[in-house]
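Look at the sequence and the fold, then read on.

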Amino acid sequence: MSDPQARKPTLTTRQGHPVHNNQQQRTVGSRGPATLENYHFLEKISHFDRERIPERVVHARGFVAHGEFEAYGTIGDEPASTYTRAKLFQSRGKKTPVSVRFSTVIGGRDSSEATRDPRGFAVKFRTDDGNWDLVGNNLPVFFIRDAIKFPDVIHALKPDPVTFRQEPNRIFDFMSHTPESMHMLTWLFSPRGIPANYRRQDGFGVNTYRMVNAAGEGVLVKYHWKSQQGIESLTEEQAAAIQATELGHASKDLYEAIERGDCPSWQLNVQIMSDDEHPELDFDPLDDTKTWPEDVFPLRPVGMMTLNRNVGNVHNENEQIAFGTGVLVDGLEFSDDKMLVGRTFSYSDTQRYRVGPNYLQLPVNAPRPDVQVNTNQDGGQMSYRVDNRGGNPHVNFEPSSVAGLAEADESYREYRPHVSGQLVRAPIERQNNYAQAGERFRTMPDWERDDLVKNMVKLLGQCDKHIQEKMVWHFSQCDEAYGRRVAEGLGLAVSA
Ligand code: HEM
């Protein structure tokens, strides 16, 4: 019988030197002391000491899978080109590789996946024109509508800086001062706040974006992913039973489904609105605490995404993958939403810190190999290649009459919305903080509404009385029965 050891490649250092003994350090005699010239030992330990990179400040726990997006060539009943010139949507059957990272938001890298928390749903499309990231969540709205409040909402939701415990009193102290959060809280404390796993949840772009066609005309869009596995949620009791024995049930579920060939899929849909302020609506189309009514702005299917390949290495493809709302391709644009601009700064800023300034050179973040990357960016930590500069390595600037890179062709039609106004620090006018939260409360099935009230009462029961009263007041503005039922659960007199 052949020796199985003989077939294995030889263990080496990263210098390519063979390692003859991986079990013992070099010592003076078998009992030590150890010597300091043990190159292999020092390399092994010091690399190990640096094995982790800082975890994400939010969405630290997540799991990645790869797959493909197949376009329908249409947006609803119309050719996709009516609304966007983005190449990935133009023709029926066009396939674009994707990488998706699902995540929880508040817990650390090894925290429970059965917690009540929004779920991140971030998709990187590796298109012919470079990458497009659609960085969404599993709930259609968000807590706040101005990016300047993001550190505050996250500090309130994260553990107390002294006790390191997630404290309901801190969470609801902040939320009671944030009436725009009522819609998101109504989703989050319903069963939708704990999806059964990553396969059985929808996804939403949440913020409003634009699509632009070849004529340079823009529309406002909201993105929706519809799970083809159906939606399933967990009650607090079911979640508690899962996390008693398993912290990573959702990653496990996704990994195992893909391994057995049961590949999950989601249909991408868009809602479309003309690109203006829509004074006829009782909400602002750029407000991410609002949904767009589907009877007025129907969901229009665009294509199907299927996840069919697991990661080969969690660190390289999950910890180091970097998504951002600024990562757009021609035909897909920002809107004027002031959350979106804040997000766009924040993502690449944190990634330069937590992964490094050359994070876009990593294979998981770089565009597809057939997409050219020609830049004059130079140096920085961990730079391991020089981008294409057109053949002359001396010219890392533009313009040059000697060599180098040229600007892209002038036929490019940039979308040029007209913007004018006074510079102010002001809230939006059409806030309407309660109507959609009340509507959501009324349209839930009875069991979901009961569960929402129960979950609210459970956490608010741990809060100071003035915070309870303020939250009940907000809920009463959403719907009389919402406020009354939470107040009854807390043993408070109802204030109208
Ligand atoms: C102004 C508001 C927001 C700011 C400043 C912000 C900032 C951040 C930051 C700094 C990260 C960590 C990124 C990294 O380390 O790679 C992150 C992750 C993430 N955010 Fe936001 N965020 C905001 C709102 C939102 C909203 C509204 C959504 C949902 C639509 C969202 C979805 C996500 C997702 C899915 C991730 C995880 C991406 C991944 O899996 O790597 N964020 N956010």
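Strand S10 and strand S11 (residues 300-310) run antiparallel and are joined by six bridges. Two strands count as paired if DSSP finds at least two bridges between them. Strands (E, at least two residues) and helices (H or I, at least four) are DSSP runs, numbered from the N terminus. Within this pair, Val270 has Arg300 of S11 as its bridge partner. On to the source: this is a predicted model, in which local features need pLDDT of at least 70, side-chain atom pairs count only at pLDDT 80 or more, and totals for chains, interfaces and linings use all residues. Residues are numbered from 1 along each chain as its sequence is written.

**Strand pairs**

S10 (residues 265-274) also pairs with strand S9 (residues 218-227), again antiparallel, through nine bridges. There, His224 stands opposite Asn269 of S10. Another antiparallel pair is S5 with S6, held by eight bridges. A hairpin of two residues links S5 to S6. Lys124 faces Asp133 of S6 across this pair.

| Strand pair | Bridges and sense |
|---|---|
| S9 and S10 | nine bridges, antiparallel |
| S10 and S11 | six bridges, antiparallel |
| S5 and S6 | eight bridges, antiparallel |

How many residues of S6 are buried? Seven of its eight are, so S6 is largely enclosed by the rest of the structure. Buried means that 20 or more other C-beta atoms lie within 10 Å of the residue's own; 12 or fewer means exposed, and anything in between is partly exposed, with C-beta atoms placed from the backbone.

**The ligand shell**

The ligand is surrounded by 27 residues, and the closest are His59, Arg101, Gly120, Ala147 and Val206. Strand S4 (95-104), strand S5 (119-127), strand S6 (130-137) and helix H9 (338-354) each give the shell at least two residues. H9 supplies the largest share, with eight residues. By type, the shell holds twelve nonpolar, ten polar and five charged residues. Ala, Val, Leu, Ile, Met, Phe, Trp, Tyr, Cys and Pro count as nonpolar, Asp, Glu, Lys and Arg as charged, and the others, Gly among them, as polar.

**Domains and overall form**

The protein has 13 helices and twelve strands. It is divided into domain 1 (1-51), domain 2 (62-142 + 151-174 + 193-361) and domain 3 (435-490). These bounds come from an automatic or database domain assignment. The C-alpha centres of domain 2 and domain 3 are 28 Å apart. Nine residues of domain 2 are in contact with eleven of domain 3, a contact being two C-beta atoms, placed from the backbone, within 7 Å. On the domain 2 side, H4 gives the most, with four residues. That side divides into two nonpolar, three polar and four charged residues.

Gln166 sits in the loop between helix H3 (150-157) and helix H4 (168-176).

Across the protein, 37% of the 496 residues are buried. The C-alpha atoms fill a box of roughly 80 × 65 × 50 Å, taken along the principal axes.

Methods:
Near = placed C-beta within 6 Å.
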